Structure formats: C-alpha cells, structure tokens
Amino acid sequence: MDKPSTQTPRAEELRIEKPARKRPGQHTASKRLTGPTVLAALAGVAAAAVVLSVAELIGAFFTARATPVIALGSTFIDFTPSWLKDFAIATFGTNDKVALFVGMAVTILLLACVLGVVAYRKWALGVAGVLLMGAVIVTAVVTRSGVKPLDAIPTVIGTVAGLIALRFLVTRLWRMQVWPNLDSDLAAKAPDRPATSRRAFFAATGVTAAASAIAATGGRLLSAARSNVAQARESLQLPTPAKPAPAVPAGVQSKAPGVTPWVTPNNDFYRIDTALSVPEISAQDWELRVHGLVDREIRLSFQDLLDANLIESHVSLTCVSNPVGGNLAGNAKWLGMPIRDVLTMAGPQEGADMVLSTSIDGFSASTPLEVLQDDRDAMLAFGMNDEALPLEHGYPVRMVVPGLYGFVSATKWVVDLEVTRFADSQAYWTQRGWSERGPIKTMARVEVPKSFAKVPAGRVAIGGTAWAQTRGITKVEVQIDNGPWTEAVLSTEASVVTWRQWSFDWEATPGPHYIKARATDGTGEVQTDQRADPVPDGASGWQSLMVTVE
Ligand SMILES: Nc1nc2c(c(=O)[nH]1)N[C@H]1C(S)=C(S)[C@@H](COP(=O)(O)O)O[C@H]1N2
Ligand SMILES: [Mo]
C-alpha cells in the first residue's frame, strides 16, 4: 500500500491499451468498450438517475417547482442572456423548453460520466463532486420564488440515495477480477474480494436503472394524483358577467381558406412563459395582494373576484418575441374583473405611474398605471373562451391588458400588484435587457400561401391577420413583386383590441413571385418598413415571402 492509489488505474489502463498498439482490431475494441473507465462512467450515469428519480418521487409531496430538474432549468432560464432567449425562441419557437431539457440532459449525462470515473479512481473526490452537485441543486431549489426551505428535502434525499447507488456500483467495479493483475489498493478496497463479473456489474447497473425508472414514474403518477387543482378547474362554474362580450359580428373570418381561426381555441393558443412546470394554485388558496403607493392595502380572494362586477371581451394577445410573420399571437374571449375597479378600491397615491404585477413563480411585468385605469378594460381574467383559465394560461387568475405585449402586462398566475413608479422598480424582462414599456406594434401577417409554397397559376387567395390593439386596423395592402401596393379586402372588425383578418385575390402567373403586406392602424399610420429585432420592444418591418407559381 505504498503506491498512491491514483496511479494504479492508470497502470491498469496501460495494460489494457497495450495490445491495442500491437494489433488493433475488433477484439481490442470490445475490451476497451467495457474497460473500467467506461463502466465507471456508466455507474455515474446510473447514480445520477437515482438522484433525479428519488428526488422526483419524494418531490411529489413538495412544491413541483422544487424538483431538481425543474429548479435547475428555471434558474438557467432566469440567467439566460436575452440574445440566447431570443435565439432559442427564434430557433425552437414554443419548443424552446424541449430544447432546454435536451441541453440539460446532455450536460447532466456528461457530468455524471465524469463523476463516475472520478469516484472509481478516488472515492473521496467522487463524494465531494456529488455533494457539490447536490449543493448546487439545493441552491437552485431554495432560491426559486415561492419555494420553502423544506422543499430542499427531495434533493437532499435524492443526493444521499445517489451516493449509496454510486458506492454500490463502484464497489462492484473494484471487486472485478477481470482486469489483469489487479493487485492494487483499488482491489484492497473490497477486502473480501468476491470475484465480480462484468455480468454481475451490468445486472447491478440494470437493477439501479430500473429502480430509478420506477421511482420517476411513480413520482409522476403520485404528483398527478395529488394535484386536484386540475379537477377543481374542470368543475368551476363561470359566473355570468354584468357586461357580457358583444356578439362577434358576421364576417370576421378571412375569406382566404387556411387563415387561422378568428377565435383561437384554448388548446392552440400560443404559450410563452418562464415556468418549466406549470404552477398549480388552488382557487381557494389564491389571494391577490394590492399594495405599494396606495391608500389602503387590499387582499382579494377568488370569491371576491367571482362576486365582482364582471366584464367579458375579446382581446388579442401578442408576444414581444414574435418575429415578423410569426405566430406568437392569439385571440380569445376573456372574462374577469376590471383592474380599474381593483385599483379604485386600493386608491393609488400621487406620483405612482406603474403597477408591478408578480406571479407566484417570480415573473413580473411593469404596466403603466393609467393603462390599467383607462377604458380599455384591462382585467384580472379567470375565464378564457367560456372555460376556466387553462393551467398553462395562468389558472386561477391572470392579467389581460389590451394593447401591450405580454411581457409588460399579461402576468399569469398573478398574486401581487404593487403600485409603484417606473423610476423605482424594474420587471423581469426589463432587468434582462428588454424595454420597460411595450405597446404592440402594427403588424400585418401573411398566412396563406405559405412561404416557399408552390401554387397553381390562376386565382390564388392570399390572406392573413393584422393587429394594432387599441388603435385598430383600417387598411391592409399587398404588393406583388415590385408592383403597386393594392388594398386587400378587410374582414369585419370586431373591436380595436382584437386582430383583424384580410384577404386578397391574386391572378398568379407562372414563375417565382414575392408577396409583401403592410397594415395601416386607426390613427392612419402605416406599418413601418424599418426592420427591428424583437429585442428590446418588438419586431417591426414588412413581411415578405416568396412563392413559386406553376
Ligand atoms: N407568470 C408568468 N406570466 C407571463 C409570462 C411568464 O413568463 N410568467 N410571460 C408573459 C409573456 S412574455 C407573454 S407573451 C404572455 C403569454 O401568455 P400565454 O402563454 O397565455 O399566451 O404571458 C405573459 N405572462
Ligand atoms: Mo411574450
């Protein structure tokens, strides 16, 4: 035992690699594939699976946002620079979360491999590595907004279970007799030295992996069963509003076939948020605190909302990250209480010019106070298209503010309104390089034909949707190639806070053609052709697409 133990595995690897230099071939390759390093990496991966799955299982009894994967991912999102967020949304669209999970899975896999190898070669160092990772995860967990310190328990138990699994597997590797002349202190770590075969190691790893899979699935099922929020939502009866939505006039739908439905069904409504696991708040527990520069701090329960003077109206939401021609916009019928009335109850004080709304999971939006008080009917909404708000869209209560991009107004799972000043506080995305205010820019979108489509010559229906919430759309024009701008047929306008569809009949001649569209808003202003990126306050420019007429 006079050799430092770190040298032994190296010597051992040399012995394995030696034949490779002499006569490379299949035999050697297969040996190397199941060499100690690879097996140790495998042990690391199995142990990581134990950490995550045990935490998931125990986590079923704690806040969903506190499980390691969700907490790590959320923390990553919060620290994502805006160029990366922009890139992710541009590249993956609403699949940006899937992309994040794949990226995290790869990172965790690589780290687990490294930790497995380290633990095999120097156990104490491996333990230190695992504990460090555990500490990082615990930090990510307890720093989430609305998460209690006790929510660290699943991660702590998971980490301990992972260490036990790692020790179990690595011990089997130490005991393995298959590596020639294993007379090192690595072997001495398993003093009784019962010969362990590769097969036994794989069996042990397999059992560990299977146990993890069962724990993870069990955790999932358990949390689903324990969550009765979804069921409560289903059975919520929406009250009749004092001021129901005006009937949707005939002819709001574009005449061009294939244009998006004027009312977006809840299931098709775009979803953008920083929440990796959808917050589950029961309506009974929900409370809205209104405070800050107010005469009276108030607290509103869900029952208070149901009992209020309710309004209902169609409003189109738009995301600031929507690229020109993009589909991060939707139109729905919302039911809720005017925020104006809530503010009147609280009594905003002289000097206040902003309301900072915060969600249960720490997202926040800065909305100009006067926008929430004017007649555009900003609301605390709990109904969407005659249903209770879907969980992903903010159940039980969210904000809907006509005319502003979602990042400065549409707070989902809202629990806090602070009346304050733009000079005094900043919202979530403003802290990350986006603007502090976000009026929606006038936009015309071409939906049919699709970009790069091949269409038959003759009459082609071009059509799409345009929006300039609170100003309304008064004109959409289409330009073919570099011809004149020609007015499209506008569908009926339901209101200035909803989008407006349009269509245009085009006599298409064979060959490649370019289609452009632009809108004019209710103030007479023509949509700018000045191209701008979504950062910091929304994309602009005319959409232009190419089609081939055959
Ligand atoms: N709690 C919370 N609310 C949020 C967000 C968020 O990340 N968290 N994102 C906002 C943004 S950027 C947009 S565009 C809208 C999208 O609302 P939707 O997902 O219902 O379409 O929600 C807003 N409300
Ligand atoms: Mo957004």
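Modeller: Gladly! The protein chain holds 14 helices and 19 strands. Please keep in mind that this is a predicted model.

Colleague: How do you know how far to trust the protein chain, going by its pLDDT?

Modeller: pLDDT is the predictor's confidence in each residue, on a scale from 0 to 100. The protein chain averages 89, and 90% of the residues score at least 70. Residues 1-30 are another matter: there the pLDDT is below 50, and the stretch has 28 contacts in the model beyond near neighbours in sequence.

Colleague: What makes a residue count as buried, and what percentage of the protein chain is buried?

Modeller: A residue is called buried if its relative accessible area is under 20%. Of the 550 residues in the protein chain, 52% are buried.

Colleague: Which residues of helix 13 are buried?

Modeller: Helix 13 covers residues 339-346, and its buried residues are I339, V342, L343 and A346.

Colleague: Why are these said to lie on the same side of helix 13?

Modeller: Because they cover an arc of only 95° around the axis, they sit on the same side of helix 13. Just after this helix, G347 takes a positive phi of about 75°.

Colleague: How do you know that strand 13 and strand 17 pair?

Modeller: Two strands pair if there are at least two bridges between them. Strand 13 (residues 458-467) and strand 17 (residues 500-508) are joined by 9 bridges, so they meet that rule, and they run antiparallel. Within this pairing, V460 stands opposite W506, and G464 has W502 as its bridge partner.

Colleague: What makes strand 11 and strand 13 a pair?

Modeller: The same rule applies: they share 5 bridges, so they count as paired, in the antiparallel sense.

Colleague: Why is strand 11 called an edge strand?

Modeller: These strands belong to an open sheet of 4 strands, in the order 11-13-17-16, with antiparallel pairing. Strand 11 (443-448) and strand 16 (489-490) each pair on one side only, and they are the edge strands.

Colleague: What holds the strands of a sheet together?

Modeller: Strands of a sheet pair through backbone hydrogen bonds, either parallel or antiparallel.

Terms used:
Residues are numbered from 1 along each chain as its sequence is written. Chains are lettered from A and ligands numbered from 1 in the order in which they are written. This is a predicted model: local features need pLDDT of at least 70, side-chain atom pairs count only at pLDDT 80 or more; totals for chains, interfaces and linings use all residues. Side-chain values use heavy atoms; hydrogens and water are left out. Buried means under 20% relative accessible area, exposed over 50%, partly exposed in between (1.4 Å probe, protein chains only). Helices (H or I, at least four residues) and strands (E, at least two) are DSSP runs, numbered from the N terminus. The arc is that of the directions from the helix axis to the C-beta atoms. Contact means heavy atoms within 4.5 Å.
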